[in-house]
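Biologist: I have not looked at this one before. Can you walk me through it?
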Amino acid sequence: MTMSVEQLWSLPETALIGAYAEARRRYAEKKFERDTQRARLEWMRAKLFVNTSGGVTERRMAVDVSEELARKGQEVREMTRDLDMLKIDVDVIDTMIQLRGAHGAPPIHADETAESPAEPEVE
């Protein structure tokens, strides 16, 4: 995160919501990128499995010892870590918004809840 918790706390409400929207956008982009790489890796594994000769055991061994697939797998794991860090940023900003009470519905005051009839009046 580029901002500390103290800086987030001192931001005006509109800027805080803007930071939340930006963090969610970055998270969604990175998640799409990571999922694309993960699918590409699975496709490469399947392609190698199909194109390798031998029985199932030999094919699985070829997939497991492939250096290129191992490198791609490491890249996907690193992308997952980065994605987790972005999710933390989103969660921190969301928590900050909730602590400051900036949510969509206005809070219900105690006076309004006392007016609702709990029991019918007896004359």
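Biologist: Which helix is Arg25 in?
Modeller: Arg25 belongs to helix H2.

Biologist: Back up a bit. How many helices and strands are there in the chain?
Modeller: The chain has five helices and zero strands. Read from the N terminus, the order of elements is α-α-α-α-α.

Biologist: What share of the residues is buried?
Modeller: The chain has 123 residues, and 20% of them count as buried.

Biologist: Now H2 and H4. At what angle do their axes cross?
Modeller: At roughly 160 degrees, and the axes come within 9 Å. H2 is therefore roughly antiparallel to H4, because angles over 145 degrees are put in that class. H4 covers residues 67–100, while H2 covers residues 13–51.

Biologist: Is that crossing left-handed or right-handed?
Modeller: H2 and H4 make a left-handed crossing.

Biologist: What kinds of residues make up the contact of H2 with H4?
Modeller: There are 18 nonpolar residues in that contact, along with 15 charged and three polar ones.

Biologist: Next, Glu42. Where does it lie?
Modeller: Glu42 is in helix H2. Its relative accessibility is 42%, so Glu42 counts as partly exposed.

Biologist: How far apart are Glu42 and Gly73?
Modeller: In space, 9.5 Å from C-alpha to C-alpha. In sequence, Glu42 and Gly73 are 31 residues apart.

Biologist: Changing topic to rings. How many aromatic pairs are there?
Modeller: The count is zero aromatic pairs, going by ring centres within 6.5 Å.

Biologist: Then which charged end sits over the ring of Tyr27?
Modeller: That of Lys87, at 5.7 Å from the centre of the Tyr27 ring.

Biologist: And what sits over the ring of Trp9?
Modeller: The charged end of Arg100 sits there, 5.9 Å from the centre of the Trp9 ring.

Biologist: Fine. Remind me, what should I keep in mind about this model?
Modeller: The model is predicted.

Methods:
Residues numbered from 1 in each chain as written. Predicted model: local features only at pLDDT ≥ 70, side-chain atom pairs only at ≥ 80, totals over all residues. Heavy atoms only, no water. Helix = DSSP H or I, 4+ residues; strand = E, 2+ residues; numbered from the N terminus. Buried < 20%, exposed > 50% of the residue type's maximum accessible area, 1.4 Å probe, protein only. Axes fitted to C-alpha atoms, helices over the stretch in contact; angles between N-to-C directions. Parallel < 35°, antiparallel > 145°, perpendicular 65-115°, else oblique. Left-handed = near helix turned anticlockwise from the far one by under 90°. Nonpolar A, V, L, I, M, F, W, Y, C, P; charged D, E, K, R; others polar. Phe/Tyr/Trp six-rings, centres within 6.5 Å; stacked < 30°, edge-to-face > 60°. Lys NZ or Arg CZ within 6 Å of the ring centre and 35° of its normal.
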